Amino acid sequence: MDPIIEITLRSLKVSGIAAILASVIGIPISLLLVFTNFKGKELIKSLFNGLLGIPTVVMGLFLYLLLSPKGPFGFLNLLYTEMGISLGQMLLILPIVVSFSTSSIEQINIEIYELALTLSASKSEAMMKVINEALPSILLAFIAAFNRAIAELGIALMVGGNIFVYNGLANTRVLTTAIQMHVARGEIDIALELGFILLGIVFIISLVMNIVKRVWL
Amino acid sequence: MKKLKVIVIVVIFGLIITTLYAFEQNKRKEVEILTISTTTSLYDTGFLDEVAKIFKEKGVELHFIAKGTGAALNDAKLGISDMVLVHARSKEEQFMKEGYGVNRKIFAYNFFIIVGPADDPAGIKGMNVVEAMKKIVEMGRKGKVIWVSRGDLSGTNIKEISLWKAAGFNYEEIKRENWFRETGSGMGNTLLYASNKKAYTLSDTGTYLKYEKEGKIQLKILVDKGEQLINIYSVIIVNPEKGDKTERDFELAMKIEKWLVSDEGQELLRNYGKDVYGKSLFYPAVEILENKIEPYYSWIVKYGFINGSECPEEYRYKAEDYGITFW
């Protein structure tokens with residue numbers, strides 16, 4: 001396979017898994033944050049909000065130390081693997097999913113939820129109604145999360161290691177680390193080409209999701 | 001009922017993740033993988049990509065992690081890599097003294113160069129390196145020239161620090177003067193910065209030739225004389241007793257080391273980049289040590305040996321089992 005195609009597909013796969021994981025974990029968290037009341041709820045909310053802009057290098061450094069063979073999670077063998085990058089990016093974008101969906105569900109919550117209840121819906125039916133209404137915003141949160149994951153460098157570099165062997169089975173080079181390396185090597189043309197591919201992906205995915213949103217929701 | 005659904009979803013989800021994880025770990029077991037932390041100047045020339053290709057055909061995947069020499073050694077200390085390719089003797093010695101590394105072999109050398117603007121405002125062209133550094137300080141203090149340093153504790157940066165010392169200056173002190181700039185980044189970026197600012201800098205030959213060839217920089221080689229400029233690359237194996245490494249990792253690493261200093265490896269090194277740049281980026285070191293070719297032999301001894309050997313007795317580990325001898 002052509003290396004550029006291989007790298008592009010890997011970027012999509014790694015960050016796609018990260019975004020799906022973050023959504024599956026993050027959306028239930030935001031439902032919990034909206035529909036239940038418990039002590040420290042506001043604290044958790046502001047924690048997620050605060051983590052929205054966590055620098056990827058800092059995150060990468062923590063994960064690198066935690067996942068190194070002598071670190072506490074070294075036994076998982078996740079350092080310098082695709083799965084390692086996916087899980088790292090998942091942690092990075094979890095706050096995006098949680099914060100975005102929490103605030104969008106909150107906005108819809110009161111009116112729809114109470115209306116559904118007065119129309120004799122059960123609690124869980126009313127909750128589903130709210131989620132249904134908030135779906136476009138949740139989708140938007142998913143895209144924002146995916147775009148942040150695929151465009152970040154720090155975690156992909158420190159946890160992934162930019163490994164590439166021709167026809168290798170355990171490569172970890174993704175678009176961002178490849179761009180960084182080609183710039184360092186002075187191969188600006190390839191770096192630019194990869195940069196346009198990355199921009200293209202981000203743009204096309206946003207476009208497709210916008211169309212999906214308009215047609216189906 | 002609703003709780004049950006949630007539990008089922010969570011379980012299915014967990015299963016998918018574990019399967020993906022197991023699949024990836026399994027894929028890694030199918031091939032032999034060796035992790036090698038390397039200095040960027042070796043990696044960025046593309047030489048190691050060639051090496052990786054050759055070993056891929058032999059069924060071994062070499063995973064090169066490119067970092068500065070300091071970071072590469074740190075990787076090894078954390079138990080990540082099985083061997084390191086580096087070029088800073090003082091750090092290598094410390095690394096072995098702490099018990100992390102064994103069986104050091106010198107496998108390549110080339111020369112650092114001082115590059116600067118073509119009109120050479122400091123007038124250092126053709127000078128000996130120590131004289132040139134003194135002249136740059138003098139002209140810098142008059143505000144006529146700028147010096148750019150990597151400032152990243154890479155092998156190149158460490159060489160620069162020792163050159164300043166040889167010229168009678170303290171790096172920590174002069175780096176605060178206003179004609180002195182630090183980029184804190186790789187050689188390529190530093191060359192681009194120096195070219196834009198019409199400044200002087202210390203560079204490795206490989207990166208300079210590459211950037212020069214592609215017309216990205218307007219810098220000329222001004223100083224390439226002086227034994228102090230020699231740049232010596234060595235390979236160190238991570239000590240299996242200290243690095244949580246299996247016997248198999250060690251065995252594989254020793255095979256790679258043996259290949260690097262074999263005729264095949266040395267020949268690849270000699271010819272790499274010749275067709276593109278018109279001259280070798282690296283010179284093989286083994287023949288120099290074997291035949292004591294002067295003056296390079298005494299320079300390698302002076303700047304690359306530790307206590308009179310490339311690898312003193314106490315840092316050797318089962319090397320004779322693999323047919324490796326030390327000079």
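Modeller: Happy to. A quick word on terms before we start: the domain bounds used here come from an automatic or database domain assignment. Bear in mind, too, that this is a predicted model. Chain B splits into domain 1, made of 31–110 plus 231–322, and domain 2, which covers 112–229. Taken over C-alpha atoms, the centres of domain 1 and domain 2 of chain B are 26 Å apart. Where the two touch, domain 1 of chain B puts in 18 residues and domain 2 of chain B puts in 18 residues. On the domain 1 side, helices H2 (40–43), H4 (69–77) and H5 (89–97) of chain B each give two or more residues. That side counts eleven polar, five nonpolar and two charged residues.

Chain B also meets chain A: 31 residues of chain B are in contact with 22 residues of chain A. Helix H1 (2–30) of chain B supplies the largest share of chain B's side, nine residues. Other elements giving at least two residues there include strand E1 (32–39) and helix H10 (205–213) of chain B. By class, chain B's side has 13 charged, eleven nonpolar and seven polar residues.

Now zoom in on Asn239(B), which sits in the loop between strand E9 (230–238) and helix H11 (247–260) of chain B. Asn239(B) counts as buried because 20 other C-beta atoms lie within 10 Å, and the cut-off for buried is 20 or more. Beyond its neighbours within four places in sequence, Asn239(B) is in contact with Gly99(B), Tyr100(B), Gly101(B), Val102(B) and Tyr317(B). As for Arg316(B), it is 77 residues from Asn239(B) in sequence, yet 9.5 Å away in space, C-alpha to C-alpha.

Key: Residues are numbered from 1 along each chain as its sequence is written. Chains are lettered from A and ligands numbered from 1 in the order in which they are written. This is a predicted model: local features need pLDDT of at least 70, side-chain atom pairs count only at pLDDT 80 or more; totals for chains, interfaces and linings use all residues. Two residues are in contact if their C-beta atoms, placed from the backbone, lie within 7 Å. Helices (H or I, at least four residues) and strands (E, at least two) are DSSP runs, numbered from the N terminus. Ala, Val, Leu, Ile, Met, Phe, Trp, Tyr, Cys and Pro count as nonpolar, Asp, Glu, Lys and Arg as charged, and the others, Gly among them, as polar. A residue is buried if 20 or more other C-beta atoms lie within 10 Å of its own, exposed if 12 or fewer, and partly exposed in between; C-beta atoms are placed from the backbone.
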